[in-house]
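Subject: Handing over a structure, with notes

Dear colleague,

I am passing on to you the structure below, together with its sequence. Please look it over first, and then read the notes that come after it.

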Amino acid sequence: MKNIFTSSFILFALILLLASCHSATVSESEDAIEPVTPITITTISNEVLTENVELNAVSSFLLKTNVKANTNGYIEKVNVKLGDFVSKGNLLFELKTKESASLANTVSSLDSSFHFNGIITLKAPGSGYITQLDHQAGDYVQDGEQLATISDAGSFVFLLNLPYELTPFIPQNNSLQLKLSDETSLPGKIERAMPTTDAVSQTQSYAIKITSNKMIPENLIAKVLLTKKTKANVVSLPKEAVLTNETQNEFW
């Protein structure tokens, strides 16, 4: 019995010894880890710094032509679809009045060699896209009624909504880049200023003509960087190396 007690006491003592050694090892390993602040060494450089402001420009067709019926009658044929590009002089619609249909039957009964169909054709007054189509074949229309709308391709621009206080910076930003939502950039040139300003926002629209042949839909928003100030040979540091207070009026 005494031997069993002695063996149990020795085993318990060994367990306590092992536990204390493990705790000491963990404590020593934790004490060995010292916090180190990561430091990156950089140098100053002379750079060209610019102060920019980002604005929105919206694509738009400045000229839209309405194609209207020139008589009362029925639409016999529609030769275009919504979104088609048409050139000046292309045939758009064929109209036929009730009177011409009756007259054609009378003329044919009197002389079959006289081919009279009474068809009145309407052609495109200019080149552009069919952005509105109001009637289809078989519809009855009245004289002067709108049949379609052609957005003139030559009048396509981006309208830059510029706060009026930034207008003095326009001469130095005559040529600029427009960034679309698909991350592509288009070169553009400020063509002219619109003669009115928005009464609420006090912004004036400037027409930017792009030099790209890429097909761009109307009402697409592009980002434009307008340069306010440029300074060359400025001593600069990486942004990460500069600290500032909460109001960003003091730097070190």
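Predicted model: local features only at pLDDT ≥ 70, side-chain atom pairs only at ≥ 80, totals over all residues.

Residues are numbered from 1 along each chain as its sequence is written, and side-chain values use heavy atoms, with hydrogens and water left out.

The chain as a whole

The secondary structure of the protein chain comes to 2 helices and 14 strands, where helices (H or I, at least four residues) and strands (E, at least two) are DSSP runs, numbered from the N terminus. Of the 252 residues in the protein chain, 26% are buried; buried means under 20% relative accessible area, exposed means over 50%, and partly exposed lies in between (1.4 Å probe, protein chains only). The accessible surface of the chain comes to about 17600 Å², and 56% of that surface belongs to carbon and sulfur atoms; such areas come from the Shrake-Rupley method with a 1.4 Å probe, and for residues only the protein chains shown count as cover. Among contacts (heavy atoms within 4.5 Å) between residues at least 6 apart in sequence, 73% join residues at least 24 apart.

The aromatic rings

A search of the whole structure finds 5 aromatic pairs, a pair being two rings of Phe, Tyr or Trp (its six-membered ring) with centres within 6.5 Å, counted as stacked if the planes are under 30 degrees apart, edge-to-face if over 60, and tilted otherwise. One of the pairs is formed by Phe85 and Tyr129, which are edge-to-face at 5.1 Å centre to centre, with 65 degrees between the planes. Because Phe85 lies in strand S4 (residues 85-86) and Tyr129 in strand S7 (residues 128-133), this pair ties together parts that are 44 residues apart in sequence. Phe85 is partly exposed at 45% relative accessibility, and Tyr129 is also partly exposed, at 22%. The rings of Phe156 and Phe158 have centres 5.9 Å apart and planes at 80 degrees, so this pair too is edge-to-face. Phe156 is buried, with a relative accessible area of 11%, and Phe158 is buried at 0%.

Thr203 is found in strand S13 (residues 203-210) and is buried, with a relative accessible area of 18%. Leaving aside neighbours within four places in sequence, Thr203 is in contact with Asn161, Leu162, Pro163, Tyr164, Thr197 and Asp198.

Leu225, in strand S14 (residues 221-236), counts as partly exposed at 49% relative accessibility. Not counting residues up to four places away in sequence, Leu225 touches Asn52, Val53, Glu54, Asn173 and Gln177. The C-alpha atoms of Leu225 and Leu178 are separated by 7.8 Å, although these residues are 47 residues apart along the chain.

Ile44, finally, is found in the loop between helix H1 (2-32) and strand S1 (45-61), and is exposed, with a relative accessible area of 57%.

With kind regards
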